[in-house]
Amino acid sequence: MVVEGGKMHFNGYKREKGPAGIRNHVIVLPTIGCINELASEVASRVKEAIPLLHNHACIRLGPDLSRARRTLVGIGTNPNIHSVLLVGLGCESITAEELAEEILPYKQVEAVTIKKEGNYSSALEKGVAALREMVWEASEVKREKCDMDDLTVGIKCGGSGSVSAIASNPATGQAADILIENGGRVIFSETAELIGAEHVLAARAVNKTVRHKLLGCVDHMKRKIADYGVDIFGSEPTRGNIAGGLTTIEEKSLGAIIKGGSSPLVGVLEYGERPSSSGLYFMDGTTQASQLFLGMFAAGAQIQVFSFGGGLPARFRGLPSYPCGIPVFPVIKVLGNPGDVEEREYFDIYAGDIIGGKMSVKEVGKSIFDEFISVASGKMTITESRTGYQELLQIYADGLLM
Amino acid sequence: MLMKKAIMMNKDDNVATVLEGIKRGETIAVVSTDNKVIKNMEAGEEIAAGHKIAVDSISKEETVLKYGESIGTAADRIDKGMHVHVHNVRSKVKYGG
C-alpha cells in the first residue's frame, strides 16, 4: 500500500483519458459471436494478447441491442485494457467501425473485418500484424502512483446462506465504505435480490430521482415475474440458499444488500453504464455471476469482489476458478462460512473467523480494502493465478431474442 | 463447555440465527451482533447451523422479524425454541397488481 501525506494510493497504469487501469492487457474483441473463431485465432498467434469471445448475435432487439453495444464499448474502454483489436464480419448489427469510433477517444484501437480484407486469411494476417504492434507498445507502459478516486469496485454475493449476512457480506460492505471514504466508486447489483429489501436501500438514496429509479427497477422486475405467472421460490431463494437457512426472498435480499456497505446511494445505473462520480451505485442487473461481472467490467470497474456465503448444509463449494469469465478483470473472492473452510485455499480472503468471534467485521473489512490496493497495484488474485479455463462472455439480455 | 450461540440481528427480532447445529433440549445463548448475551434458551427441536430459532412464541399470521424487518408471515403458530423456516413461514411479497 502506498500512503503519502495521509492520502492512500495504488500503483496503476495511467490512461490518456479516464481512470487508471490496474492491469494492462491487449485484447482481441469480436464484434459478434459469429466471428469468435477468427478472434481466437488472431490472439493465439501473439503472445500476451487476450481474446474476449462472447455471445452477442443479431438476435437482439431494442433495449437488448443497446445493452450489447454499451457492453462492447465498455469492454473496450475499460481502464484495465491498454489497446483493442476489433475483429468483425461486416454484416453484423453492431459494426467494428462503430465500436472503434467510440473506443478511440480512450485508447488505441484497430479494426479488421472479413468484408474489408476480402477473406479470412487476409483478415487473420492483418489482425496479427496490428496486434503485435499493440503488444509491443503495451509492454513499455509502467505502473505509476494513482489516486484512489480512480478505482471502481464491483460487488456481488454468491452461495448465500444465513451466515452471508453475518460474515462475508458485512466485511465486504465495510471495505466498500472505506473505499468510498477515500474517493472510490462501488457498484453492486442483483435487482431480483432487492425484492423485499428495496425500502431499506431506497431510504439511503441521495435524492428523490435516485429513490424513484431504484424502486422503478424493482417494480419492473416484480411485474415481469407476475407476467410470467410463476413462483420464484426455488430460484429466489435457491434450493442451496434454503438449505443454508434462508427462508424467503425478503430474508435473502435483506442479507444481500449488506454487501454494498452503508454509504448513501448516489445513483442507479443501467447494465454496463459508467458511474459519473464517487460513491455507491446500484446497477439494474441479473444475479447470474458471469453476466453481472461483464456488466460491472463494462461499467469501468477494475476489480470485482465475490462475497461467498456457502450455505453450511448446502456445501456449495466455490470451485477454484468459478466464475472466471473475464481474464482481464481480477476477482477477489471472500469466503464467509467456517463450514467451508476446506475450500479456503480457493479464496483470497477468509471472513469465517467473524462467526466464531475471533475477528471483527471491521478487521476483515479492512483486510479486504487492503487487498483492493494490493491487487490494484499488481498482486494476482487466486483466480488470476489459475489458467486453462475460460468461459464465453455472456452479455445480459432480458427481452425477446429472435 | 461453552454454550452454542444464536445471533439476533436486531433487538426487535423474534428469530435468531443458530451458528452451530443444536439438538432438542440443548440450552443456547442468544447473542446480539456485538456478541453480548441477551438470554439463554432451550431449543425445542434439532436446528441446523445457519437456520433460525424462534426466540419468542410467534402467533399464526404474525410477522417474522429479522434485521428488524419483515421476512414473511408465520403460516402456523411457532413456539419459542422451534425451527423457523420454509415449513412455517411464507413470503409477504406481492407481484403485479
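**Where the two chains meet**

User: How many residue pairs are in polar contact between chain A and chain B?
Analyst: The model is a predicted one, and for this count both residues of a pair need pLDDT 80 or more. On the chain A side, the helices H7, H8, H9 and H10 each supply at least two residues that touch chain B. With that condition on confidence applied, the count between chain A and chain B is 13 residue pairs.

User: Which element gives the largest share of the side of chain A that touches chain B?
Analyst: By class, this side of chain A has 17 nonpolar, eight polar and three charged residues. The largest share of it amounts to five residues, and the element that supplies them is H10(A).

User: How much area do chain A and chain B bury between them?
Analyst: The size of an interface is often given as the accessible area lost when the parts come together. Here the contact takes 28 residues from chain A and 25 residues from chain B. Of the area buried between the two chains, 67% is on carbon and sulfur atoms, and the total is about 2000 Å².

User: Which residues in chain A lose the most area to chain B?
Analyst: Chain A and chain B bury about 2000 Å² between them. On the chain A side, three residues together make up 24% of what that side buries, and they are Ile166(A), Thr247(A) and Glu250(A).

User: Which residue of chain A meets the side chain of Lys52(B) in a salt bridge?
Analyst: Between chain A and chain B the count is two salt bridges. A pair qualifies when the side-chain nitrogen lies within 4 Å of the carboxyl oxygen, and for Lys52(B) the distance from N to O is 2.8 Å. The partner of Lys52(B) is Glu251(A).

**Pockets and cavities**

User: Which element gives the largest share of the lining of the largest pocket?
Analyst: The largest pocket has a volume of about 1200 Å³, and among the 45 residues that line this pocket, the closest to its centre are Ala192(A), Met221(A), Glu236(A), Thr286(A) and Thr287(A). The lining has 18 nonpolar, 16 polar and eleven charged residues. Its largest share is eight residues, and these come from H8(A).

User: Which residue of chain B lines the largest cavity?
Analyst: The structure holds one cavity of 30 Å³ or more, and the largest cavity has a volume of about 40 Å³. H10(A) gives the most to its lining, with four residues, and the lining also includes Glu251(A), whose side chain meets that of Lys52(B) in a salt bridge. From chain B, the lining includes Tyr67(B).

**Links and backbone details**

User: How many residues apart are Lys7(A) and Asp147(A)?
Analyst: The side chains of these two residues, Lys7(A) and Asp147(A), meet in a salt bridge at 3.8 Å, N to O. The pair links distant parts of the chain, with Lys7(A) in strand S2 and Asp147(A) in strand S7.

User: Is the peptide bond from Glu236(A) to Pro237(A) cis or trans?
Analyst: Most residues other than glycine have a negative phi, and most peptide bonds are trans. Pro237(A) is in the loop between H8 and H9 of chain A. The peptide bond from Glu236(A) to Pro237(A) has omega near -5 degrees, and is cis.

User: What is the phi of Glu61(B)?
Analyst: Glu61(B) is in the loop between strand S5 and strand S6 of chain B. Although Glu61(B) is not a glycine, its phi is positive, at about 75 degrees.

Key: Residues are numbered from 1 along each chain as its sequence is written. Chains are lettered from A and ligands numbered from 1 in the order in which they are written. This is a predicted model: local features need pLDDT of at least 70, side-chain atom pairs count only at pLDDT 80 or more; totals for chains, interfaces and linings use all residues. Side-chain values use heavy atoms; hydrogens and water are left out. Contact means heavy atoms within 4.5 Å. Buried area is the accessible area (1.4 Å probe) that two parts lose on being put together, summed over both. A polar contact is a pair of N or O atoms within 3.5 Å; within protein, one must be able to donate a hydrogen and the other to accept it, and residues adjacent in sequence count only if both atoms are side-chain atoms. Ala, Val, Leu, Ile, Met, Phe, Trp, Tyr, Cys and Pro count as nonpolar, Asp, Glu, Lys and Arg as charged, and the others, Gly among them, as polar. On a 1 Å grid over the protein atoms alone, a cavity is a set of points where a 1.4 Å probe fits but cannot get out, and a pocket is an open set with protein on both sides within 12 Å along at least five of seven lines; lining residues have an atom within 4 Å of a point. Grid points are joined across faces, edges and corners, and a volume is the space filled by probe spheres set on the points.
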